[in-house]
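User: Could you walk me through how to read aromatic pairs, a metal site and helix packing in a model?

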Amino acid sequence: MLLIKNIGAIYGARHESLSPLRGIEMSDDARVDDAFLVIDGERISHWGQMAELPSESDFQRVIDARGGLVIPAFCDSHTHIVYAGSREGEFCDKIDGLSYEEIASRGGGILNSADRLHDTSEDELFRQAIARVRQVMAKGTGTLEIKSGYGLTVEDEIKMLRVIRRIAQAEPSLEVRSTFLGAHAVGRAYTGRQKEYVDMLVAEMLPAVAAEGLADFVDVFCDRGFFTVEETARILEAAAKYGMRPKIHANELAISGGVQVGVAHNAVSVDHLERMGAEEIETLVNSSTIPTMLPGASFFLGMPYGPARDSVAAGLPVALASDYNPGSSPSGCMRFVWALGCIKMRLSPIQALNAVTVNGSAAMDCLDRTGSITPGKFASLIITNPVPSLSYIPYAYTEPWISRVILKGRDLTF
Ligand code: NIG
Ligand code: FE
């Protein structure tokens, strides 16, 4: 048993938390001031107020939070953290004025990463990816979704998904969810033959992925210049037969119909949403799909930010995620995502914190185990240095503030 004492306040302390927070509920801080917290093995046991602190001799270990805050570990529900090499050449092209789509049409973008991944062994890919994963764990991420999608052949998609499985095995204190994104782009061998690529994906890739049980979810890049609504529907229907629910890329480059096709196929989440109108918001209001916005991609590509504030006002359960990938968001820093949610999307600090914790967990279907400080859930949390208030964290957005990261009861600091 582990005791954390002298906590200034615990945020996200919910006795039960199996649903995402919708609309006005996102302003709920579920806060306990002047608290202690007890961890039993890898799970949260209970909390209480310092006035009722139990005897310290009953615990194997005691951590003094010195007035710092406790918040749930971040739940990053959208990443492409498994990739080979990096793409800072395209970064320089962007500085010179090329758009994301122009770079893609010159053979850069996703296909550039697919070529590199093809030339990289599974062991080397794992070595590169696990280093990034350990960095984001140190920055407080406790639940992480990872997509394939830089393979684009049966062998290379399987290679990526096996690397994701190895990451989960190598870091058991991290909760990992995997997503099959064979429809990220048309593989090079199928250039100009998009229909045949989709045929192959449905007939060969999906069964191969399912046979090894490598993916929890399925994703399609449903957007202008990538996959159509009809192709998306076909892939989602085929994946449903293998029990894979959708989490899809929609409305990044245009109002693509992606939100509607995702909701129609019971998507866990629809992600990006930089371009979203009243119709898309209305579709989401009548669904259980989590709208997930990726402000790091908007920041990096200079795109509009998703309408997070209007979505909350409409009653939606907004999640924010990093989109960590080599092309449009080369950062998995959820603390920065939290700050962008406040600075650029005008969410309040507590709304944005709920978007990167409890609602992010919902966007991975993990609410039974992560996303809040709830008895019985995994003890995955961050202890902050003493700070004047919760709002100080996204406000002082580059200041070091993490004192400790504890994932499934394991203290990463020592
Ligand atoms: O989520 N939008 C599609 N896919 C990624 C970018 C991938 C890349 O450029 O490598 C994204 O932004
Ligand atoms: Fe993405």
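Analyst: Happy to; we will take the rings, then the metal, then the helices.

Analyst: This is a predicted model, where local features need pLDDT of at least 70, side-chain atom pairs count only at pLDDT 80 or more, and totals for chains, interfaces and linings use all residues. Residues are numbered from 1 along each chain as its sequence is written, chains are lettered from A and ligands numbered from 1 in the order in which they are written, and side-chain values use heavy atoms, with hydrogens and water left out.

User: How many aromatic pairs are there by the rule?

Analyst: In general, a ring pair is described by the distance of the centres and the angle of the planes. Rings of Phe, Tyr and Trp (its six-membered ring) pair if their centres lie within 6.5 Å; planes under 30 degrees apart count as stacked, over 60 as edge-to-face and the rest as tilted. That rule gives nine aromatic pairs here. One of them is Trp338 with Trp401, edge-to-face at 6.2 Å centre to centre and 75° between the planes. Trp338 belongs to helix 12 (residues 334-343) and Trp401 to the loop between helix 15 (392-395) and strand 15 (402-407), so the pair ties together parts 63 residues apart in sequence. Helices (H or I, at least four residues) and strands (E, at least two) are DSSP runs, numbered from the N terminus.

User: Are Trp338 and Trp401 buried or exposed?

Analyst: Both Trp338 and Trp401 are buried, where buried means under 20% relative accessible area, exposed over 50%, and partly exposed in between (1.4 Å probe, protein chains only). Together with Phe74, these two form one aromatic cluster.

User: Which residues coordinate the iron ion (ligand 2)?

Analyst: Donors are N, O and S atoms within 2.8 Å of the metal (3.2 Å for Na, K and Ca); water is not among the atoms, so sites may look incomplete. Here the iron ion (ligand 2) is coordinated by His78 (NE2), His80 (NE2), His249 (NE2) and Asp323 (OD), at 2.1 to 2.3 Å. Along the chain the donors follow the spacing H-x1-H-x168-H-x73-D. His78 is buried at 0% relative accessibility, and His80 is buried at 2%.

User: At what angle do helix 5 and helix 6 pack?

Analyst: Axes are lines fitted to C-alpha atoms, for helices over the stretch in contact, and angles run from 0 to 180 degrees between N-to-C directions. Helix 5 (residues 154-170) and helix 6 (residues 194-211) pack at about 35°, with their axes 10 Å apart.
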